[in-house]
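Colleague: I have a model open and want to learn how to read it. Where should I start?

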Amino acid sequence: MTDEATRETADDARGWRAATEAALYGPGGFYRRPEGPAGHFRTSVHASRLFAEAVAELLCRVDEALGRPEELDFVDMGAGRGELVTGVLAALPADVAARTRAYAVEIADRPARVPDRVTWLTELPRTVTGLLFANEWLDNVPVDVAEVDPAGVARQVLVRRDGTELLGEPVSGADAEWLARWWPLGAEPGLRAEIGLSRDQAWASAVTSLQRGLAVAVDYAHTAAVRPPFGTLTGFRRGRGTAPVPDGACDITAHVALDACAALDPALRLPDALLCTQRDALRALGVVGARPSLTLASTHPAAYVRALAVSGEAAELTAPGGLGDFGWLVQPVGIKDALL
């Protein structure tokens with residue numbers, strides 16, 4: 001992709017961040033489609049009710065850390081079709097459920113099956129006291145992409161609606177500063193990076209809405225020690241990975257630099273965030289994949305079958321190389337960490 005080619009075709013292309021924003025969230029965009037995200041990919045929420053039960057356990061721990069307030073907030077950020085918030089409410093003990101104010105934050109219209117007690121919003125509540133939980137939200141906060149050209153210069157990648165890419169102007173300003181700090185690119189042509197500044201800002205905004213409690217982001221992630229040399233931008237269509245095409249018919253996602261998101265402005269004077277794997281987080285919340293005792297199979301066969309199914313679901317949620325490798329970013333605000 002030469003400078004001349006860029007000049008000839010840039011009029012019908014734009015940066016990946018703008019293209020993704022329109023494709024996912026604009027009129028007729030992917031996240032406004034009737035089938036919702038579950039029609040195209042499977043998350044931990046869809047894999048097992050154990051995930052919602054673990055989040056409910058975490059909310060109970062936050063409740064205790066807050067001194068059991070009269071009103072306890074639970075915010076499901078990027079709520080999809082409300083599967084997580086519905087599951088969490090169902091799993092809460094009655095006394096905690098009675099004090100819980102539940103919010104689902106999502107740009108799509110409210111599904112009919114979501115309980116009436118859930119407040120459906122398109123943006124964060126002004127203030128939150130409790131647990132803010134963002135499951136696979138940050139990976140769908142659109143980002144721009146940089147690629148190193150033949151001269152060793154990192155340039156913004158532009159894209160047409162059909163997915164065709166070309167190189168634009170050199171990365172500059174705050175984006176260049178972010179790359180230098182969090183994802184420095186060498187001079188080898190073709191090296192790529194997703195510029196995570198927009199995600200850092202989105203996470204900071206979410207955390208600053210929290211008066212007291214815990215903010216948690218769960219996502220495909222990487223850190224500075226293991227950045228992928230050619231980026232992770234990809235698409236999902238009907239359950240299969242595919243080329244990312246910003247036409248509104250497929251999901252467009254990229255793994256999250258969670259360590260960059262964790263580096264909040266020191267002026268906020270918050271304690272350090274915890275970074276861990278989903279495997280460790282769920283085990284700390286009581287989700288383990290241990291097989292039930294064989295003795296149960298002979299004494300209570302039906303109970304053994306049920307326990308075996310639960311064990312299998314727990315194993316999937318915590319599996320190395322799969323859902324267990326998801327990153328958890330845990331930020332306490334005004335309380336001690338309620339997870340580990």
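Modeller: Start with the surface, and remember that this model is predicted. The chain exposes about 15,400 Å². Carbon and sulfur atoms supply 52% of that area.

Colleague: How many helices and strands does the chain have?

Modeller: Twelve helices and 17 strands. Of the 340 residues, 50% count as buried. Look at contacts between residues at least 6 apart in sequence: 73% of them join residues at least 24 apart.

Colleague: Now a single helix. Which residues of H5 are buried?

Modeller: Begin with the general idea. An α-helix has 3.6 residues a turn, so residues three or four places apart point the same way. Now the case here. The buried residues of H5 are Leu84, Val85, Val88 and Leu89. They cover an arc of only 130 degrees around the axis, which puts them on the same side of H5.

Colleague: Where is Arg68 found, and where is Glu136?

Modeller: Both sit in loops. Arg68 is in the loop between helix H4 (49–65) and E2. Glu136 is in the loop between strand E5 (128–135) and strand E6 (144–148).

Colleague: Is Glu136 buried or exposed?

Modeller: Buried, because its relative accessible area is 11%, and the cut-off for buried is under 20%. Arg68 has a relative accessible area of 37%, so it counts as partly exposed.

Colleague: On to open space. What is the volume of the largest pocket?

Modeller: About 680 Å³. Its lining has 34 residues. Tyr25, Met77, Gly78, Glu106 and Trp137 lie nearest the centre. Elements giving two or more residues to that lining are helix H2 (16–25), helix H3 (44–47), strand E2 (72–77), helix H5 (83–91) and helix H8 (197–208).

Colleague: Which element gives the largest share of that lining, and what is its make-up by class?

Modeller: H8 gives the largest share, five residues. By class, the lining has 16 nonpolar, ten polar and eight charged residues.

Colleague: And the second largest pocket: what is its volume, and what lines it?

Modeller: The volume is about 240 Å³. There are 14 lining residues, and Arg181, Trp182, Leu197, Asp200 and Ala263 are the closest to the centre. Helix H7 (173–182), H8 and helix H9 (258–262) each give two or more residues. H7 has the largest share of this lining, five residues. The classes divide into nine nonpolar, one polar and four charged.

Colleague: Which residues lie nearest the centre of the largest cavity?

Modeller: Trp178, Gly196, Arg199, Val256 and Ala257, out of 14 lining residues. At least two lining residues come from each of strand E9 (192–195), H8, strand E15 (256–257) and H9. By class, this lining has eight nonpolar, three polar and three charged residues.

Note on methods
Residues are numbered from 1 along each chain as its sequence is written. This is a predicted model: local features need pLDDT of at least 70, side-chain atom pairs count only at pLDDT 80 or more; totals for chains, interfaces and linings use all residues. Side-chain values use heavy atoms; hydrogens and water are left out. On a 1 Å grid over the protein atoms alone, a cavity is a set of points where a 1.4 Å probe fits but cannot get out, and a pocket is an open set with protein on both sides within 12 Å along at least five of seven lines; lining residues have an atom within 4 Å of a point. Grid points are joined across faces, edges and corners, and a volume is the space filled by probe spheres set on the points. Helices (H or I, at least four residues) and strands (E, at least two) are DSSP runs, numbered from the N terminus. Ala, Val, Leu, Ile, Met, Phe, Trp, Tyr, Cys and Pro count as nonpolar, Asp, Glu, Lys and Arg as charged, and the others, Gly among them, as polar. Buried means under 20% relative accessible area, exposed over 50%, partly exposed in between (1.4 Å probe, protein chains only). Contact means heavy atoms within 4.5 Å. Accessible areas come from the Shrake-Rupley method with a 1.4 Å probe; for residues, only the protein chains shown count as cover. The arc is that of the directions from the helix axis to the C-beta atoms.
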